[in-house]
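Here's a quick briefing for anyone opening this one for the first time.

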Amino acid sequence: MKPSNNIWIQRQQCPCGDWKCYIKYEGDDQTSASSQTVKSETTSSELVFTPYVGQIFKSDDDAFEYYSNFARKNGFSIRKARSTESQHLGIYRRDFVCYRSGFNQPRKKANVEHPRDRKSIRCGCDAKLYLTKEIVDGLAQWYVSQFSNVHNHELLEDDQVRLLPAYRKIQEADQERILLLSKAGFPLNRIVKVLELEKGVRPGQLPFIEKDVRNFVRTCKKTVQENDALLTEKRENDTLELLEACKSVAERDPDFAYDYTTDENDKVENIAWSYGDSVRAYALYGDVVTFDTTYRSITYGLLLGVWFGMDNHGRAILYGCVLLQDESSHSFTWALQTFVRFIRGRHPQTIVTDMELALRDAIARELPNTKHVVCIWHILSKLSSWLSFPLGSRYEDFKAQFDLLCHVENVEDFEHQWNLLVARFELVSDKHMALLFSYRGFWSISYIRGSFLARTMTPEFSQSLHAFLKRILSGQTCLQVFFEQVGLAAPAGNQTRDGMRYMHIKTCLPIEEHARSVLTPYAFNVLQHEIVLSLQYAIQEMADGSYLARHFKKMDGECLVIWMPEDEQIHCSCKEFEHSGILCRHSLRLLEVKNYFQLPERYFPPRWRRDQSLFPMDDQNSQSSNDDCAQALHALTETLLTESLTSKERFNHVQREITGLLTEVRSMAVAEELSLNMPGNNVSET
């Protein structure tokens with residue numbers, strides 16, 4: 001038996017600590033419940049007509065599937081009977097018959113004291129479909145040569161026909177769950193009960209019965225033992241190959257670093273590695289580290305940990321990888337110690353992880369001065385598994401209320417709203433809600449608002465991490481191929497110039513002009529958004545010398561801003577600068593009122609500056625050229641707008657042409673530099 005390919009899956013163990021509780025991620029249901037009903041759904045949603053003599057199929061398998069769908073809709077199942085073969089045509093006849101066709105031949109009874117005498121379901125039913133193969137224009141096709149739909153037995157209703165052996169299937173995801181529960185000592189009836197509860201179906205409504213579970217477990221016992229031995233050997237060989245690959249890279253690249261541990265049998269246990277480019281990038285952007293432990297290999301039984309950062313263009317940078325034999329505090333401790341060695345002892349300000357008790361303890365010991373934050377997106381991905389079944393139709397309402405709770409910025413308000421939420425949805429005693437509340441200091445914005453996160457909690461960054469992991473984990477057959485794939489993705493020099501687009505001015509404020517010359521396009525875009533919104537706020541000086549920033553429409557949510565002119569310091573109660581390194585709209589409004597033409601230098605953190613990029617950016621001459629291009633296009637579009645609004649016909653024509661032009665432009669390759677000889681503005685006013 002050949003070992004299976006390396007398969008990476010998202011970890012399903014729930015952080016609540018109950019091994020029977022596991023997490024379903026979006027899309028998982030499609031692999032079990034929906035895949036189980038694919039054929040039945042196609043049967044119920046698509047019309048399946050009665051077969052007829054002369055009906056043609058491309059293959060005998062197509063004919064069997066068609067007849068099987070017809071049979072299921074009509075309350076019976078079918079089986080393959082006789083086939084006829086010739087030297088020239090191969091198999092040229094197939095007979096499909098009703099499952100109750102024919103009669104059981106009497107068998108010689110075994111020499112046992114109490115032989116089983118089971119009654120046969122076969123009753124000589126004559127329902128059938130016979131196929132014959134013919135060659136037409138050199139291609140084989142099958143046609144129905146005989147068909148009968150006359151049964152001598154009662155046909156079954158929908159709730160009965162699904163229990164026929166032909167339609168009872170245990171899908172792969174359910175097989176893995178059954179084996180896990182069986183290994184843990186669950187009796188068969190309890191396994192069935194657990195699956196019913198997890199899938200939210202009534203008793204007896206699973207697409208298989210207890211007998212199928214018993215047969216599956218019995219069949220798998222020997223296979224599992226053989227597979228375990230093969231996979232153990234595969235893991236040992238592949239981890240040795242990975243270790244040799246690390247040694248080979250280290251010989252060629254002195255900046256490459258790796259480390260590993262071995263067990264009592266001198267087998268590779270844990271292994272971690274990092275790249276020279278990663279260490280150099282960490283020196284610039286190592287203030288916030290995301291340690292992702294989402295995936296594990298079910299082939300090797302190894303947990304994958306990946307250290308990420310965010311560069312000054314808002315993109316993910318890989319700092320290093322680790323493969324761990326388990327999820328214990330000891331393993332996580334070794335991983336953190338090794339990472340700190342790789343980055344030469346420089347601890348991050350903040351580390352972002354999933355909810356993991358063992359990892360939390362390891363971070364508290366190894367990084368005592370680092371703020372530990374649990375990523376809100378990991379929490380949100382678990383809510384459905386935890387609460388969609390107990391809440392039922394109320395889950396969507398709960399989800400909306402929980403989303404609002406995630407944005408509450410005051411600790412007292414958060415805890416008050418939390419109590420109202422759990423009381424309203426009767427979740428006071430729910431273990432998962434209790435777990436979330438115990439972790440509130442790690443994920444609630446009211447507790448972590450003052451911690452620096454460099455915009456790593458945005459949905460865009462979370463999606464970019466997910467896409468990166470999907471890219472390096474797709475289609476890997478061994479650890480060495482995975483290692484090579486990571487090596488291709490890791491160097492910072494491989495980063496494209498996506499996002500480094502022209503930064504146009506929106507307000508003409510001197511602060512905006514100056515910030516554009518200092519910040520990267522990504523950081524400038526974020527700050528520019530705040531500058532635009534700052535114009536909607538009024539500033540009111542308070543008696544104690546502080547200032548109140550209030551939106552011109554919204555009467556609630558005002559922020560207190562403190563200004564210290566002697567050393568040009570500004571602090572806002574929203575703590576956006578402390579959180580992201582980008583000044584908030586409230587602080588910007590006060591600086592505008594104070595007639596500032598440039599932001600104080602302290603409010604341009606090095607991590608967001610253009611001159612702190614890992615590779616050269618366009619110089620100011622290029623920006624000036626872009627400005628000329630922008631002015632020319634603005635002049636054209638202003639004239640086009642004026643002309644197109646004079647009639648409906650003109651407007652429709654312009655809209656149609658611009659839509660096509662935009663599609664064409666987006667499909668064009670992007671040049672590294674914008675170098676255009678700008679023609680004179682020949683737009684004539686009419």
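Helices here are DSSP runs of H or I with at least four residues, strands are E runs of at least two, and both are numbered from the N terminus. By that scheme, Cys 508 sits in the loop between helix H18 (479–489) and helix H19 (510–518). Keep in mind that this is a predicted model.

**The whole chain**

- The protein chain has 24 helices and 18 strands.
- It runs to 686 residues, and 42% of them count as buried.
- Take the contacts between residues at least 6 apart in sequence: 62% of these join residues at least 24 apart.
- The chain's accessible surface is about 37900 Å², and carbon and sulfur atoms account for 51% of that.

- Most residues other than glycine have a negative phi.
- Cys 508 isn't a glycine, yet its phi is positive, at about 65 degrees.
- Is Cys 508 buried or exposed? It counts as exposed, because its relative accessibility is 61% and the cut-off for exposed is over 50%.
- Asp 266 is another non-glycine residue with a positive phi, about 65 degrees.
- You'll find Asp 266 in the loop between strand S7 (257–262) and strand S8 (268–274).
- Asp 266 has a relative accessibility of 61%, so it counts as exposed.

**Helices H13 and H14**

- Two packed helices are described by the angle between their axes and the distance between the axes.
- For helix H13 (residues 411–424) and helix H14 (residues 431–438), the angle is about 175 degrees and the axes are 12 Å apart.
- That angle makes H13 roughly antiparallel to H14, since anything over 145 degrees counts that way.
- On the H13 side, the residues that meet H14 are Glu 415, Trp 418, Leu 421 and Val 422. On the H14 side, their partners are Met 433, Leu 436 and Phe 437.
- Sorted by class, this contact has six nonpolar residues, no polar ones and one charged.

**The buried side of H14**

- Which residues of H14 are buried? They are His 432, Met 433, Leu 435 and Leu 436.
- These residues lie on the same side of H14, because they cover an arc of only 155 degrees around the axis.
- The buried residues of H14 pack against helix H11 (376–391), helix H12 (395–405), H13 and helix H15 (440–443).

**Helices H19 and H20**

- H19 also packs with helix H20 (residues 521–534): their axes come within 10 Å and cross at roughly 170 degrees.
- H19 and H20 are therefore roughly antiparallel to each other.
- H19 brings Ile 511, Glu 512, Ala 515 and Arg 516 to the contact, where they meet Phe 524, Leu 527, Gln 528 and Ile 531 of H20.
- The residues in this contact split into five nonpolar, one polar and two charged.

**Cys 246, inside a helix**

- Cys 246 belongs to helix H7 (residues 210–252).
- With 0% relative accessibility, Cys 246 counts as buried, because buried means under 20%.
- What does Cys 246 touch, leaving out residues up to four places away in sequence? The list is Phe 256, Tyr 258, Ile 271, Trp 273 and Phe 483.
- Cys 246 and Ala 272 are 26 residues apart in sequence, and their C-alpha atoms are 9.4 Å apart in space.

**Lys 594, in a loop**

- Lys 594 lies in the loop between helix H22 (585–593) and helix H23 (620–644).
- Its relative accessible area is 32%, so Lys 594 is partly exposed.
- Not counting residues up to four places away in sequence, Lys 594 touches Tyr 547 and Trp 563.
- Along the chain, Lys 594 and Pro 565 are 29 residues apart, while 9.9 Å separates their C-alpha atoms.

Technical notes:
Residues are numbered from 1 along each chain as its sequence is written. This is a predicted model: local features need pLDDT of at least 70, side-chain atom pairs count only at pLDDT 80 or more; totals for chains, interfaces and linings use all residues. Side-chain values use heavy atoms; hydrogens and water are left out. Buried means under 20% relative accessible area, exposed over 50%, partly exposed in between (1.4 Å probe, protein chains only). Contact means heavy atoms within 4.5 Å. Accessible areas come from the Shrake-Rupley method with a 1.4 Å probe; for residues, only the protein chains shown count as cover. Axes are lines fitted to C-alpha atoms, for helices over the stretch in contact, and angles run from 0 to 180 degrees between N-to-C directions. Angles under 35 degrees count as roughly parallel, over 145 as roughly antiparallel, 65 to 115 as roughly perpendicular and the rest as oblique. Ala, Val, Leu, Ile, Met, Phe, Trp, Tyr, Cys and Pro count as nonpolar, Asp, Glu, Lys and Arg as charged, and the others, Gly among them, as polar. The arc is that of the directions from the helix axis to the C-beta atoms.
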